[in-house]
Amino acid sequence: MSEARPPQSNNFDSWLDAYAERAHTLSVSEVRALFAVVSRPEVVSLAGGMPYVAALPKDLIAKAYESMMARKGDLAIQYGGGQGDAELREQLRDVMALEGIHASPDDVVVTTGSQHALDLVAGLFLDEGDVVLAEGPSYVGAIGIFRHYQAHIEHVYTDNEGISPEALQEAISKMKAQGRRIKFLYLVPNFANPSGVTLAAKRRPQIIEICKREHILVLEDNPYGLLYFDKPVPDALRSLDDNVIYLGSFSKILAPGFRVGYVLAPPALREKIVLAQESALLCPSSFSQMLISEYLNIADWRKQVDTFRGVYRERRDAALDALAEYLPNLQTTRPDGGFYLWVTLPEGIDSKAMLPLAVKELVAYTPGTAFFGDGTGHQHLRICYSFPTPENLNVGIKRLATVINRQTELLETFGKKAK
Ligand code: PMP
């Protein structure tokens with residue numbers, strides 16, 4: 001008789017008892033779960049937040065590569081410092097200056113995308129049960145990280161001008177009355193993911209003032225700020241207060257495949273972030289950093305960002321036009337930049353339950369529930385207009401309208417019968 005086979009190493013369930021407590025917080029995100037479906041060519045995906053990298057001059061990237069290898073090839077394929085490449089950190093001074101930030105390169109840490117910066121900061125601050133205050137709705141990737149560190153996410157009321165200072169004060173008082181420790185306020189002030197909303201200029205100093213008074217750190221995540229359509233965004237929160245931790249990224253203004261983001265932090269904190277980064281990764285990719293640095297040297301990158309702005313503006317308009325044509329009564333935000341708009345469905349329609357019906361109609365979106373840490377958001381969905389062509393946006397939104405209208409009719413019939 002053959003011996004009993006040992007458990008297969010890829011049978012994760014047999015290790016369920018052995019997982020760390022926090023491993024149980026890891027589950028397939030609603031955005032990730034959609035990828036397999038939406039990559040079918042016949043489906044118009046309004047789901048994933050992908051930049052339209054086809055608009056990038058690949059020949060210039062190739063040129064930057066040649067020039068980088070000639071100038072510093074051995075360094076580019078070697079380990080680098082835990083804080084990131086000095087030349088790139090110097091260049092980041094100009095990038096951040098566009099949003100009113102006067103930074104010293106010494107206070108910048110380059111990271112593997114801003115996602116890793118979020119993880120590093122969360123790891124430094126969050127113990128189980130600590131509170132993170134966040135917009136409602138908030139970025140799904142940040143929610144995932146905060147959950148992983150077993151934090152409590154307290155959403156703060158957010159309207160078309162961003163997070164409400166009054167609601168922020170109320171949330172702080174409520175959490176303190178419950179004896180909870182608030183660690184930081186996380187926000188995406190410009191063209192937020194997922195709402196597309198921008199924090200009004202007048203609210204910015206108010207938010208800073210409240211957090212200063214209450215001794216709450218502000219974590220400002222700003223990957224979209226340079227992608228405005230008509231006028232630049234108000235100056236960054238970091239320009240108002242040096243104690244703000246500011247996150248930036250090349251993913252949306254250049255390309256996400258390089259995986260280069262950055263953090264600007266007060267000196268003591270910056271040192272901790274470098275230590276955390278060294279512990280996790282040793283260093284960010286020298287190759288990606290030096291390639292981007294050379295691209296910034298040889299290309300007219302500001303013009304390239306202008307091109308992106310034009311592409312995304314045309315797509316925002318196409319999405320809004322299609323919504324006005326096919327779903328004229330639906331409430332949506334009107335983003336002044338970035339990738340996303342936020343839809344409020346008629347009462348009684350559940351975006352999560354509706355998704356399989358939409359996919360059957362060959363259109364996908366992200367349900368609103370992905371963007372709340374408290375299980376709410378069913379009445380909302382996110383449309384990402386950055387990747388589909390204007391024509392496909394029209395087709396996709398027409399399909400979405402078919403599904404929503406059918407659901408509305410069903411609800412009305414059901415409602416009438418119930419009376
Ligand atoms: N923050 C926000 C608000 C985002 O939308 C994203 C990407 N979708 C990230 C951070 C992470 O971006 P990256 O790691 O590519 O810099």
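Select R309 and Y228 to start: R309 lies over the face of Y228, at 4.1 Å from the ring centre, where a charge counts as sitting over a ring if NZ of Lys or CZ of Arg is within 6 Å of the ring centre and within 35 degrees of the ring normal. Then select R315 and Y52, where R315 lies over the face of Y52 at 3.9 Å from the ring centre.

Before going on, note that this is a predicted model, in which local features need pLDDT of at least 70 and side-chain atom pairs count only at pLDDT 80 or more, while totals for chains, interfaces and linings use all residues. Residues are numbered from 1 along each chain as its sequence is written, and side-chain values use heavy atoms, with hydrogens and water left out.

**Aromatic pairs**

Next, colour the rings of Phe, Tyr and Trp (its six-membered ring), which pair if their centres lie within 6.5 Å, with planes under 30 degrees apart counted as stacked, over 60 as edge-to-face and the rest as tilted. The whole structure has 13 aromatic pairs. One of them is the tilted pair of Y65 and F287, at 6.1 Å centre to centre and with 50 degrees between the planes. This pair links distant parts of the chain, since Y65 is in helix α2 (residues 58-76) and F287 in helix α9, 222 residues apart; helices here are DSSP runs (H or I, at least four residues), strands are runs of E (at least two), and both are numbered from the N terminus.

Y65 is partly exposed at 35% relative accessible area, and F287 is partly exposed at 31%, on a scale where buried means under 20%, exposed over 50% and partly exposed in between (1.4 Å probe, protein chains only).

Move on to Y312 and F339, whose ring centres are 4.8 Å apart with the planes at 55 degrees, so this pair is tilted. Y312 lies in helix α10 and F339 in the loop between β10 (331-332) and β11 (340-344), so the pair ties together parts that are 27 residues apart in sequence. Y312 is buried, with a relative accessible area of 0%, and F339 is buried, with a value of 0%.

**Salt bridges**

Select R270 and D107, whose side chains meet in a salt bridge of 3.3 Å, N to O; the term requires a side-chain nitrogen of Lys or Arg within 4 Å of a carboxyl oxygen of Asp or Glu. R270 is in helix α8 (residues 267-281) and D107 in the loop between α3 and β2 (108-111), 163 residues apart. R270 is buried at 13%, and D107 counts as buried at 15%.

E209 is partly exposed at 44%, whereas R213 counts as exposed at 52%. Finally for this group, display R71, K72, E87 and E294, which are linked in a network of salt bridges.
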